[in-house]
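Hi,

Here is the structure we talked about. Please open it alongside this note; what I found follows below.

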Amino acid sequence: MRSTVPSVAQAGVTSGAAAAAVSGEPPRAPVVLAVDGLVKRFGQMTAVSGVNLEVRAGSFYGIVGPNGAGKTTTLSMVTGLLRPDSGSIRVHGIDVWAQPIEAKRVIGVLPDRLRLFDRLTGAQLLHYSGVLRGLDGDTVRTRSADLAAAFGLEDALHRLVADYSAGMTKKIALACAMIHSPRVLVLDEPFESVDPVSAVNVTEILQKYVASGGTVLLSSHGMDMIQRVCDHVAIIVQGQVLASGTVDEVRGKKSLEDRFVELAGGRKVAEGMEWLHSFSD
Ligand SMILES: Nc1ncnc2c1ncn2[C@@H]1O[C@H](COP(=O)(O)OP(=O)(O)OP(=O)(O)O)[C@@H](O)[C@H]1O
């Protein structure tokens, strides 16, 4: 089933080369991630209801949506962690579910609810992630040192990941997602628990990655960050994409946050909570 509400992109754009040929615009970057008609049900509940996404090479693409909207479920299916009930996902032309090994080679994943081998040290976890992706020991060591410096984890590399703070755990997981220099990074809430200074560093790393042709698809609740950093955004509500396109297309004359609140059903007025103000002592 497809989303019933046309996205901004769906409403206005045909395929890149064809549209460019007609309009005389420069050709657009190729689509590196094509999600078509994705559906996932858990029992009677439909978590993802016909999601379509088109992410082009060199995009910094944000997914936003209220709690329970289906972002993590969508990203889990996109990265081959959760089998869809229907729909297809192609990354660099590779079907994620028909050719999982080939597809996973080009994707770096920061999953939700990190399940890391946390009895390893940070250095061991990076080593494991690197060799699992086919890198040799020397390359892993060089890249681990670079990543640790970039994420400010040098002093923590030889401590157990189980003893890391939430933000440090997020950063080591991000480093593991990047170590094999994938073409596409899919990051579920990469900035959650990350301090503001580290968030700026991580953003800069991702911006450089995108500038050199990499593609980032991330979910976040940080509207300011998405508006500032991402070039494209999709708003998902109740398992459907209600708007997608460039950030400016989606937000129109409003802030992204106001557009999001509007599509998500408006602000709730807190009524009937007078008991909260009648302190029990
Ligand atoms: N394994 C599961 N079994 C049953 N229901 C699930 C499962 N995973 C997700 N759901 C349900 O699917 C819906 C979408 O959840 P999902 O985690 O994708 O939302 P989200 O947009 O990532 O939310 P949040 O912003 O709170 O992280 C929710 O109603 C959730 O309870």
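A residue counts as near a molecule or strand if its C-beta atom, placed from the backbone, lies within 6 Å of it. By that rule, the ligand is surrounded by Phe 42, Ala 47, Gly 65, Asn 67, Gly 68, Ala 69, Gly 70, Lys 71, Thr 72 and Thr 73. Three of the shell residues are nonpolar, six are polar and one is charged. (Ala, Val, Leu, Ile, Met, Phe, Trp, Tyr, Cys and Pro count as nonpolar; Asp, Glu, Lys and Arg as charged; the others, Gly among them, as polar.) Helix α3 (residues 71–78) gives the largest share of the shell, three residues.

This is a predicted model: local features need pLDDT of at least 70, side-chain atom pairs count only at pLDDT 80 or more, and totals for chains, interfaces and linings use all residues. Numbering runs from 1 along each chain as its sequence is written.

Confidence: pLDDT is the predictor's confidence in each residue, from 0 to 100. The chain averages 88, and 90% of the residues score at least 70. Residues 1–17 fall below 50. Where pLDDT is low, the predicted coordinates should not be read in detail. For the complex, the predictor gives an ipTM of 0.98 and a pTM of 0.88.

Strands: helices (H or I, at least four residues) and strands (E, at least two) are DSSP runs, numbered from the N terminus. Two strands pair if DSSP finds at least two bridges between them. β1 (residues 31–42) pairs antiparallel with β2 (residues 45–56) over nine bridges. Val 31 stands opposite Arg 56. Two residues lie between these strands in the hairpin, where Gly 43 takes a positive phi near 60°. β1 also pairs antiparallel with β4 (residues 86–91), over five bridges. There, Val 35 has Ile 89 as its bridge partner.

Best wishes

Terms used
Two residues are in contact if their C-beta atoms, placed from the backbone, lie within 7 Å.
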